[in-house]
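Please read these notes with the structure open beside you. They are set out as numbered points.

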Amino acid sequence: MRSAPFKKILIANRGEIALRIISACKDLGIQTVAVYSEADRHSLPVRFADEAICIGPAKSARSYLDIPSIISAAEITNVDAIHPGYGFLSENARFAEVCEVSGIKFIGPRPEVIQVMGLKERARAIMHDAGVPILPGSGGVIQSAEEALETAASIGYPVILKASAGGGGRGMRIVNEAPELAALLAQAQQEAGAAFNSSDIYLEKYIRGPRHIEFQVLADHHGNVEVLGERECSIQRRHQKLVEESPSPALKPQVRQAISDKLREAIRAVGYTNAGTVEFLMDETGQLYFIEVNARIQVEHPVTELVTGVDLVKSQILISAGESLPDILADRVVPGGHALECRVNAENPDTFAPSPGRITAFNVPGSIGVRVDTAAFTDYVIPPYYDSLVAKLITHGRNRDEAIQRMRRALDLFVVEGIHTSIPLHRKILADPDFLAGKFDTRFIQRFIGDNRMK
Ligand code: ADP
């Protein structure tokens, strides 16, 4: 057994991902510190971490996003490293920098790399230079409406205006024809300025009904890069993923290979380290085009873990401690097969309205091929302040059909009472003939709702 790479790690997050990180630390013999808001006092991460520190009130701006509070907690508890999980401060370059300045390892890429990847138009240019395909579009940030009109005319409508510092779908506008471009550009600039403190907008060709396919990468501090296949994430509502799977039912092996080869070069060229996700859109001809890099662990990482046999969170920690990827991956057994994830959210399955509150009964399915990542339990009260994820239900099988069969069985045995959840919606998705045939794109849910099949 290897010696522990760090003595103690602070987890700057909450919910299921905090538990996931505690699990990885337990496997590595590392002590953990949970930080929590007043709303999370009775949560499982607080119970299962070796130490726990309250960092502020429920509102995340004053707790999970409060850098001084988190750094103080880290200093008081004398940790070696901080794992940011996803969301909150995970892609905040300043936080990563403050950690390093305070002598604490930030488990993620270097601050400069996080910053560049956060400027999507810069990331796009870098990927392009490294030979990764991008959609035709503006060479950089749009300087004037005239320039935007010229670019759009040369690539053809529809085009999409996107905020360089954007996230969560804000600051985006689809432009169908020239006369509407100038007004939409002004709107996008204003929205981006208000949301991200930067009104920089770039433009690219808009694909109608793309598939969303993303590649998982791991990179160490010695120049080794591994691409661990892809995840298909086209089943989404308002850019929120609902179902993810690996491998994608639509990706041709030679395209997977070509993109993986290019990505290895690109990731090395930008000095990217730790875990990351490179997102692509696929058009109807099966071509992939880069859209952005997520410089963190993703919610949907378990599907990759189940088909590659790699513990991604453990790998993140070992990479940060300076270990080399060949050593980290040396003893892995590749299970192959197919994995699916359904995000069980606390929300009304018809209206999608959030449904926080007390869970009065909770039965987690088990048996062969099923994994559940959750921080919920009977009598747990889902607070209204954070995201609505209750559990990630993940299944694995020898092939897609078996993974689907196991998911259906697991959904039937999953009991969550007292709140509304997306379980009924998942049952319908898992019974849909197009989903079963692997024939879908990002418009799937929309069509589904319009079709009345959700009633
Ligand atoms: P954000 O960081 O705001 O989530 P992304 O660049 O990841 O922005 O895009 C979010 C979503 O918007 C994509 O998953 C896709 O559904 C849609 N989108 C983005 N760019 C395009 C494009 N060029 N053509 C079609 N859809 C797009």
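1. A nitrogen atom of the ligand lies 2.9 Å from a polar backbone atom of I207. A second residue, K162, has a side-chain N or O atom 2.9 Å from a nitrogen atom of the ligand. For K120, the ligand atom is an oxygen, and the distance to an N or O atom of the side chain is 2.9 Å. (A polar contact is a pair of N or O atoms within 3.5 Å; within protein, one must be able to donate a hydrogen and the other to accept it, and residues adjacent in sequence count only if both atoms are side-chain atoms.)

2. The model is predicted: local features need pLDDT of at least 70 and side-chain atom pairs count only at pLDDT 80 or more, while totals for chains, interfaces and linings use all residues. Residues are numbered from 1 along each chain as its sequence is written, and side-chain values use heavy atoms, with hydrogens and water left out.

3. Which residues come nearest to the ligand? Of the 20 residues around it, they are K162, G169, K205, I207 and E292. (A residue is near a molecule or strand if one of its heavy atoms lies within 4 Å of it.)

4. An open sheet of three strands runs in the order β7-β6-β8, and its pairing is antiparallel. β7 (173–175) and β8 are the edge strands, each pairing on one side only. On average, neighbouring strands of this sheet are turned by 25 degrees against each other, direction ignored. Three bridges join β6 and β7 in the antiparallel sense, and V159 has V175 in β7 as its bridge partner. (Two strands pair if DSSP finds at least two bridges between them; helices, H or I with at least four residues, and strands, E with at least two, are DSSP runs numbered from the N terminus.)

5. Two helices lie across β6 and β8. Helix α6 (residues 120–129) runs at about 50 degrees to β8, whereas α7 runs at about 15 degrees to β8. (Axes are lines fitted to C-alpha atoms, for helices over the stretch in contact, and angles run from 0 to 180 degrees between N-to-C directions; contact means heavy atoms within 4.5 Å.)

6. A further open sheet has five strands, in the order β3-β2-β1-β4-β5, with parallel pairing. β3 (51–56) and β5 (105–106) are at the edges with a single partner strand each, so one side of each has no neighbour in the sheet. Strand β2 (residues 31–37) pairs with β3 over five bridges in the parallel sense. V33 stands opposite E51 in β3.

7. How do α4 and α5 pack? Helix α4 (residues 93–101) meets helix α5 (residues 111–118) at an angle of about 180 degrees, and their axes are 8 Å apart. Therefore α4 is roughly antiparallel to α5 (the term is used for angles over 145 degrees). A93, A96 and E97 of α4 make the contact with P111, I114 and Q115 of α5.

8. Some backbone details fall in loops. The peptide bond from Y157 to P158 is cis, with omega near -5 degrees, and P158 is in the loop between α7 (145–155) and β6 (159–163). The bond from S246 to P247 is also cis, with omega near -5 degrees; P247 lies in the loop between β11 (240–246) and α9 (253–269). N197 is not a glycine, yet has a positive phi of about 65 degrees. The loop that holds N197 is between α8 (181–196) and β8 (201–205).

Key: Angles under 35 degrees count as roughly parallel, over 145 as roughly antiparallel, 65 to 115 as roughly perpendicular and the rest as oblique.
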